[in-house]
Amino acid sequence: MQHSEVSIVGNKHGHSCQRKGQMMDYRKLLIFVVLVGCSVVVVGANTDVSLTDRGEQNERRQPKGPAKISELESYLAQLSFDEEKKFHKIRQQRIEHYLQLARKYQKSDWQYNRDDALTRAKNILEHHERMTNGSYASL
């Protein structure tokens with residue numbers, strides 16, 4: 001008899017009207033979590049933008065376009081290539097090819113492709129310099 005009275009008055013834990021209160025607490029918690037999550041996303045997005053702006057400022061300081069092409073050409077003229085060594089000959093040809101592409105892209109006003117060709121030429125130049133100077137550790 002007592003069990004039926006408890007079930008009429010409340011649930012098995014003895015709470016009668018707390019179900020609505022618990023639902024409201026869950027809704028408040030859900031809203032709070034969503035708001036905190038959105039604010040974290042907004043703060044993270046602002047941080048990424050500010051880091052990108054700093055990177056663009058550093059890129060502006062570096063010479064671009066014709067100045068960069070002439071800089072790499074003068075650097076190429078300073079290096080020595082042994083025509084008898086196959087790898088030296090291939091590196092020199094590739095560097096000259098990428099510089100020629102960079103000039104072509106500069107005339108067409110294609111900055112992205114020009115910068116890509118210049119980066120490739122610069123990487124080969126640096127690699128050649130390291131290989132000829134023995135900067136790489138021999139295994």
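Modeller: Helices and strands are taken as DSSP runs: a helix is H or I over at least four residues, a strand is E over at least two, and both are numbered from the N terminus. By this rule the protein chain contains 5 helices and 0 strands, and its elements run α-α-α-α-α from the N terminus on. The model is a predicted one, in which local features need pLDDT of at least 70, side-chain atom pairs count only at pLDDT 80 or more, and totals for chains, interfaces and linings use all residues. Residues are numbered from 1 along each chain as its sequence is written, and side-chain values use heavy atoms, with hydrogens and water left out.

Biologist: What span should the 22 residues of helix 4 have, at 1.5 Å a residue?

Modeller: The expected span is 1.5 Å times one less than the number of residues. For helix 4 (residues 86-107) this gives 32 Å, and the end C-alpha atoms are 32 Å apart, which agrees.

Biologist: Which residues of helix 4 are buried?

Modeller: A residue is called buried under 20% relative accessible area, exposed over 50%, and partly exposed in between (1.4 Å probe, protein chains only). In helix 4 the buried residues are H88, R91, Q92, I95, Y98, L99, L101, A102 and Y105. In helix 5 (111-133), the buried residues are R114, A117, L118, A121, I124, L125 and H128. Of the 139 residues of the protein chain, 17% count as buried.

Biologist: What is the phi of D109?

Modeller: Most residues other than glycine have a negative phi. The phi of D109 is near 65°, a positive value in a residue other than glycine. D109 lies in the loop between helix 4 and helix 5, and it is exposed because its relative accessible area is 52%. Just after helix 5, G134 also takes a positive phi, of about 75°.

Biologist: How many salt bridges are there?

Modeller: A salt bridge is a side-chain nitrogen of Lys or Arg within 4 Å of a carboxyl oxygen of Asp or Glu, and the count comes to 4. One of them joins the side chains of R103 and E73, at 2.5 Å from N to O. This pair links distant parts of the chain, with R103 in helix 4 and E73 in helix 3, 30 residues apart. R103 is partly exposed at 37% relative accessible area, and E73 is partly exposed at 28%.

Biologist: What separates K122 and E126 in helix 5?

Modeller: An α-helix has 3.6 residues a turn, so residues three or four places apart point the same way. K122 and E126 are 4 residues apart in helix 5, and they are therefore separated by about one helical turn. They form a salt bridge whose closest N and O atoms are 3.7 Å apart.

Biologist: Which residues form a nonpolar patch on the surface?

Modeller: Patches are made of residues with over 30% relative accessible area and no salt bridge; like charges are joined within 9 Å, and nonpolar side chains (Val, Leu, Ile, Met, Phe, Trp, Tyr) within 5 Å. Accessible areas come from the Shrake-Rupley method with a 1.4 Å probe, and for residues only the protein chains shown count as cover. The nonpolar patch consists of M23, Y26, L29, F32, V33, V36 and V40, with about 720 Å² of accessible area together. M23 lies in helix 2 (residues 18-61) and is partly exposed, at 47% relative accessible area.
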